[in-house]
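Try each task before you read its solution.

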Amino acid sequence: MSSTIGHRPTGVLKFGGSSFASAAHYRDVAAHIRARVEAGERLVVVVSGMPGATEGLREIARSIDPGVSVEALHGVLPLADTIGAGLLRIALRGQGVDAVMLHGDRTGLRSDGTRHKAATLTGFDPAPLEEAFTRAPVVVLPGGQADDGGGTPAWLGKNSSDLSATALAGALGLKSCEIYSDVNGVYDADPRLVPEARRIPALSYEDVVLLGHHGAKVLHPEAVRAAQRHSVQIVCRLNTGGFEAGSVIDGVGDGIGVDSVIIDARSVVAEFGTSSEAELALAALESAGVPVSVPDWPGRHLVVVNGGFFDVRRCLDENGLTGEITDERMVTEVRAGHPVLHVAPTADTALDWGHRLHADLRDRASVLV
């Protein structure tokens, strides 16, 4: 999936939903892009929807029909990112920056056109981007969408704008891809939950995939894998103020694995009566493509879906499984790249445990210094 595009872009930037909380945020991002264009850059800009826009559409769809199909949802949810791209183009034009917007089926990314679950990328056609760059130095496009092979956008799944960005950077032969969000990197705990959390300056691709699998709000795992396949370095940057750079993710990292604590308030813990039923549930959930963990708890048969945004109850029902969804939450302690799983009785307990584990992590680090 590589290209020799004529009017070569010099960078791929991706702005997450938190970048666009208000009209002023759109103008700030546009001003940042304008400065880079004035410095001679030609940019592909991948855009997510405004905060909560995708889930808002999901809620409306389910209020209309609680049993709405996955295929029907996939026809609606990507619209949040499309609107976001259109609004950023307006902001750019308002600051005198020539920008072209490409819709989801014109990004150049191709997919297998799957409708009952997230589509899979299958290739890249440079023609749409090549033509767009003959008209403007900035090409804006919605994240998480690709041509289904029949001229219709297919959705790549929740939070898949990261995947669009790293896949495009790889296909265009760029050495790096910049991901902008409300935190300037990957921390050793979620800084919104643990104020004492510290930023990790450098991580390997494997580090980030591990953290994401256990529910950390980091990059989309497939986005990291796409970067890894093409040796694209991911640079995390803040999406406001000075847009400062933070953590760097590449094939090197620190080489010893990260230390981290993940408080996964969105995790769903399901308990089953027998080990065989738990194994069937594990297979069904893995087949659905969601991140799953199996805590070792003597006398209990648990399966955990990490990171939320998946209807676990519905999946179990469709597979004839009668597991109980509990109030428990997962806390994962990562030591030198190795996860240790903890199941907390409630979300509040998970937060308390996470703070304590992170304090222990800091104490160990201070001893080693």
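What covers the buried residues of α2 includes α3 (70-74), α4 (79-94) and β8 (153-155). Before going on, note that this is a predicted model, where local features need pLDDT of at least 70, side-chain atom pairs count only at pLDDT 80 or more, and totals for chains, interfaces and linings use all residues. Residues are numbered from 1 along each chain as its sequence is written, and side-chain values use heavy atoms, with hydrogens and water left out.

**Exercise 1.** Check the length of α2, then sort out its buried and exposed residues.

*Step 1.* Helices (H or I, at least four residues) and strands (E, at least two) are DSSP runs, numbered from the N terminus. Helix α2 covers residues 53-64, which is 12 residues. The expected span of a helix is 1.5 Å times one less than its number of residues. For α2 that should be 16 Å, and the end C-alpha atoms are 17 Å apart, which agrees.

*Step 2.* Buried means under 20% relative accessible area, exposed means over 50%, and partly exposed is in between (1.4 Å probe, protein chains only). The buried residues of α2 are T54, R58 and A61. They cover an arc of only 65° around the axis, which puts them on the same side of α2. The arc is that of the directions from the helix axis to the C-beta atoms.

*Step 3.* E59, I60, S63 and I64 are exposed on the face of α2 turned away from its buried side.

**Exercise 2.** Which residues of α9 are buried, and what covers them?

*Step 1.* Length first: helix α9 (residues 275-287) has 13 residues and should span 18 Å, and its end C-alpha atoms are 18 Å apart, which agrees.

*Step 2.* E277, A278, A281, A284 and L285 are the buried residues of α9. They cover an arc of only 125° around the axis, which puts them on the same side of α9.

*Step 3.* Their cover includes β14 (268-272), β15 (292-293), β16 (301-305) and α10 (312-318). Over on the other side of α9, E279, L280 and S287 are exposed.

*Step 4.* Have a look at what follows α9, too: G289 has a positive phi, near 85°.

## Two partners for α8

**Exercise 3.** How do α6 and α7 each pack against α8: roughly parallel or roughly antiparallel?

*Step 1.* Two packed helices are described by the angle between their axes and the distance between the axes. Axes are lines fitted to C-alpha atoms, for helices over the stretch in contact, and angles run from 0 to 180 degrees between N-to-C directions. Angles under 35 degrees count as roughly parallel, over 145 as roughly antiparallel, 65 to 115 as roughly perpendicular and the rest as oblique.

*Step 2.* Helix α6 (residues 161-171) and helix α8 (residues 221-230) have axes that come within 8 Å and cross at roughly 10°. That makes α6 roughly parallel to α8. Contact means heavy atoms within 4.5 Å. D162, L163, T166, A167 and G170 of α6 meet E222, A223, A226, A227 and H230 of α8.

*Step 3.* Helix α7 (residues 205-213) packs with α8 at an angle of about 170°, with the axes 9 Å apart. That makes α7 roughly antiparallel to α8. Y205, E206, V208 and V209 of α7 touch P221, V224, R225, A227 and Q228 of α8.

**Exercise 4.** Where do S231 and A336 lie?

*Step 1.* S231 is found in the loop between α8 and β11 (233-238). Its phi is near 55°, a positive value in a residue other than glycine. S231 is exposed, with a relative accessible area of 58%.

*Step 2.* A336 lies in the loop between β18 (329-335) and β19 (338-344). The phi of A336 is also positive, near 50°. At 39% relative accessibility, A336 counts as partly exposed.

**Exercise 5.** Which residues is H355 in contact with, leaving aside its neighbours within four places in sequence?

*Step 1.* Find H355 in helix α11 (residues 347-368). At 30% relative accessibility, H355 counts as partly exposed.

*Step 2.* With those neighbours left aside, the contacts of H355 are L193, V194, P195, E196 and I263.

*Step 3.* H355 and D190 are 165 residues apart along the chain, and their C-alpha atoms are separated by 10 Å.
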